[in-house]
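This report covers one model, starting with a single side chain and its accessibility. Helix packing and salt bridges follow.

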Amino acid sequence: MDATREEQRRETVTRIKRCFPNWAEFIESEYRANTEFQTLCDDFQACALAKETWEQSEEPIAPVRRREYAEWLEELLQEIKDWLEDSAAASTTG
């Protein structure tokens with residue numbers, strides 16, 4: 001893995017762990033082991049970065065974009081939470 005990709009991975013995982021601090025170790029292992037979870041987390045990171053960009057924008061459309069990205073972030077957070085809970089439950093019963 002190149003240095004840029006590794007840095008992006010760390011930033012993504014760090015952002016997700018800030019949202020779910022009690023799941024920090026599980027997030028690390030899931031991100032390393034599961035490409036679907038990686039994609040979900042990477043989508044969240046991309047969405048968060050886009051929202052941050054729109055928060056700095058003074059374009060007339062910016063308020064609409066901020067709301068859209070905020071909604072998508074909430075949906076992605078819920079998907080990540082569901083993933084973590086489902087994966088944890090599966091690992092304890094499997």
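At 27% relative accessibility, Arg5 counts as partly exposed. The cut-offs are under 20% relative accessible area for buried and over 50% for exposed, with partly exposed in between (1.4 Å probe, protein chains only). Asp42 has 24% relative accessibility, so Asp42 is partly exposed as well.

Arg5 and Asp42 form a salt bridge, and their closest N and O atoms lie 3.5 Å apart. A salt bridge here is a side-chain nitrogen of Lys or Arg within 4 Å of a carboxyl oxygen of Asp or Glu. The pair joins distant parts of the chain: Arg5 sits in helix 1 and Asp42 in helix 3, 37 residues apart.

## Basis of the model

The model is predicted; local features need pLDDT of at least 70, side-chain atom pairs count only at pLDDT 80 or more, and totals for chains, interfaces and linings use all residues. Residues are numbered from 1 along each chain as its sequence is written, and side-chain values use heavy atoms, with hydrogens and water left out.

Helices (H or I, at least four residues) are DSSP runs, numbered from the N terminus.

## Helix 1 against helix 3

The axes of helix 1 (residues 3-19) and helix 3 (residues 35-56) come within 9 Å and cross at roughly 85 degrees. That makes helix 1 roughly perpendicular to helix 3. Axes are lines fitted to C-alpha atoms, for helices over the stretch in contact, and angles run from 0 to 180 degrees between N-to-C directions. Roughly perpendicular covers 65 to 115 degrees.

Helix 1 contributes Arg5, Glu11, Thr12, Arg15, Ile16 and Cys19 to the contact; helix 3 contributes Cys41, Asp42, Phe44, Gln45, Ala48, Leu49 and Glu52. Contact means heavy atoms within 4.5 Å. By class, the contact of helix 1 with helix 3 has six nonpolar, two polar and five charged residues. Ala, Val, Leu, Ile, Met, Phe, Trp, Tyr, Cys and Pro count as nonpolar, Asp, Glu, Lys and Arg as charged, and the others, Gly among them, as polar.

## Helix 2 and its buried side

Ile27, Glu28, Glu30 and Tyr31 of helix 2 are buried. The buried residues of helix 2 pack against helix 1, helix 3 and helix 4 (62-93).

With helix 4, helix 2 packs at an angle of about 90 degrees, the axes 11 Å apart. The two helices, helix 2 and helix 4, are therefore roughly perpendicular to each other. Phe26, Ile27 and Glu30 of helix 2 meet Trp83, Leu84, Ser87 and Ala88 of helix 4. By class, this contact of helix 2 with helix 4 has five nonpolar, one polar and one charged residues.

## Glu30

Glu30 lies in helix 2 (residues 24-33). Leaving out residues up to four places away in sequence, Glu30 touches Phe37, Trp83 and Ser87.

## Other salt bridges

The structure holds eleven salt bridges. One of them pairs Glu6 with Arg10, the closest N and O atoms being 3.4 Å apart. These residues, Glu6 and Arg10, are four apart in helix 1, so about one helical turn separates them. Arg10 is partly exposed, with a relative accessible area of 37%.

Glu55 and Lys51 meet in another salt bridge (2.4 Å, N to O). Salt bridges that share partners join Glu6, Glu7, Arg9, Arg10, Lys17, Glu28 and Arg32 into one network.

Note on methods
Parallel < 35°, antiparallel > 145°, perpendicular 65-115°, else oblique.
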